[in-house]
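Me: Please show the structure, so that it may be discussed in questions and answers.

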Amino acid sequence: MFFSTFFEVMDRCINWFLALLMAGMVVVITAQVWYRFVLNDPLSWSEEAGRYLFVWISFMGAAAGVRYQVHLGIDLMEKLLPPSLHRWTVALSNLIIQVFLLMIIYWGTKILGIVRFQESASMHISMLYPYMAVPVGSAFMFINSVRVMISAIRGRPLDREVRL
Amino acid sequence: MTAFLFLSLIICFIIGVPIAFSIGVASVATLEFASNLPLTLAAQRLFTGTDSFPLMAIPFFMLAGELMEAGGISRRLFDFAHAIVGFVVGGLAMVAVVAAMFFAGISGAAAADTAAVGAVSIPAMIRKGYDRGFAAAVQAAGGSIGVIIPPSIPMIIYGVVGGVSIGKLFLGGFIPGALIGGSLIIVSFFLARRAGYAGDAFQGFKAIFTTFIGAFWALLMPIIILGGILGGVFTPTEAAVVAAVYGALVGFIIYRELKLRDLPRIFAKAAISTSTVMLLIATANIFGWILTAERVPQNVAAYLVSLTSSPLILYSLILVCLLMVGTFMETSASLIILTPVFLPVIIQFGIDPVHFGVVMVTALAIGMLTPPLGICLFISCNIANIQLSEILRYILPFLLVMIGVLVLMTYVPEIVMFLPDLYGD
């Protein structure tokens, strides 16, 4: 009971985070268009800011995508096997994903030590902040993959309604 | 190393690991076990794959489509199409196709097109006594036009991966999209006549005018997008953000159906749909790097050149390959993996990359109508509340005419290239 409430709150937080990043990206790029075409005074930082927001959206959105199971695969096993066996291939597939993600978390964290001293070209922020999206997003993907795996083994699939 | 890469990829596919992760797993496993390239570079390439300004057009176009949809646009497009063609025999089926063509002008995804228009048209057809399987099949076929008529998310991916002008690709999609829409309308007319589906009463020219006013703001959107890109005013990404803001303004101010409290959910959903594509692009960025290091595209090119020197035969081979891949693989994944492999050969044979891009996207769009992985079929079946087997009987004639148009546009390049050539460089 505690766990399900905890994860529900986590889902909502991620969804809100995504909505805010998305709104931020729209505002920044709209401002870019506005300043260039209407005020004739192009912004120097908008493209870079938009890109880094986009990187965060990509990896945090991918984490939400793992939970809502929207990353498509080839459902050969689902067609061939009865549900009682199919859930074990779901578990296996999630285990493979988890090993991959652990490696990405490890190497993605390691790379932070190198890029933290680099500065972005136009905003002059440490490249640590955009690069952090890779290990942080992968960590949430890992957590959600474990949730999907456990719910599949227990035969109680997670519902797929995106809630805020 | 290449063999290891592809073997692990296929094993992941068979187990059912999502394609984006399969590509990542195969790449990382290859780097770990079959090479001495450092893995920090894998993490870095995940980042650089998503750090792209042109690809940002994807979330904005998704958002524009979602906002328009929440603003009640699909019903208005349906009403307008209904006023124009609803009175003909099998009218509702034609309305479904025409409305899907209109919606294709504001949405860049076939799934969104099928879902948005289908939610209105499929229940309407069923109420009118159409067979559920037929109703679902018409809508699935019509919805696949969503990626052919601009804007188009697959064309953005192709343009970014292959370094081809997105504006020209968009222009190239117009005539093929119209041709496919036209042939779907003709097929549904004959099928409906045989089944005896009558049309509704003609509502008069006044109805055409009033429904046109309702649909006007949505129909204006593709003109703003293309005009902006081709006039050199906007980059495709900027045009996409203008489309999203425009969609929100129309929904809030003109249609008044969009509510402020709907926004966070729409934004979050657009972000999640975007990230499914972006995760693919990120992991494919590692995959592609290994392929390049192993000179795979060059080897494939050399092999194909050794097979034939005729562009027509080469095109036929690639077309068959794309249609087969399209049946079991998702469109963005196919584009990301196959574009870098095929494009060098295509250029070597003197085929225009814009022409090839539109042909490739159309071939993969046909794949959305074929099992095992036919996204438009799934969505349509879901709305019509039927099993996949019930739609398959009806989808075949639509598939055949679409393949017919595909072959035509492949061997008569002017169909695709007329508008981009008119626009010039």
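Me: In which loop of chain B is B:P151 found?
Reply: This is a predicted model, in which local features need pLDDT of at least 70 and side-chain atom pairs count only at pLDDT 80 or more, while totals for chains, interfaces and linings use all residues. Residues are numbered from 1 along each chain as its sequence is written, chains are lettered from A and ligands numbered from 1 in the order in which they are written, and side-chain values use heavy atoms, with hydrogens and water left out. Helices are DSSP runs (H or I, at least four residues), numbered from the N terminus. By that numbering, B:P151 is found in the loop between α8 (132–143) and α9 (153–162) of chain B.

Me: What is omega of the peptide bond that joins B:P150 and B:P151?
Reply: Most peptide bonds are trans. The bond joining B:P150 and B:P151 is cis, with omega about -5°.

Me: Near what value is phi of A:N40?
Reply: A:N40 is found in the loop between α1 (2–38) and α2 of chain A. Most residues other than glycine have a negative phi. A:N40 has a positive phi, near 55°.

Me: How many residues of chain A are in contact with chain B?
Reply: Contact means heavy atoms within 4.5 Å. On the side of chain B, 55 residues take part, and they are in contact with residues of chain A numbering 57.

Me: Why does the pair of B:D51 and A:R51 join two chains?
Reply: A salt bridge is a side-chain nitrogen of Lys or Arg within 4 Å of a carboxyl oxygen of Asp or Glu. The structure holds 12 salt bridges over all chains. B:D51 lies in the loop between α3 and α4 of chain B, and A:R51 in helix α2 (residues 46–68) of chain A, so the pair joins two chains. The closest N and O atoms of this salt bridge are 2.7 Å apart.

Me: At roughly what angle do the axes of α1(B) and α2(B) cross?
Reply: Axes are lines fitted to C-alpha atoms, for helices over the stretch in contact, and angles run from 0 to 180 degrees between N-to-C directions. Among the residues of α1(B) that meet α2(B) are B:F4 and B:L5. The two axes come within 8 Å and cross at roughly 145°.
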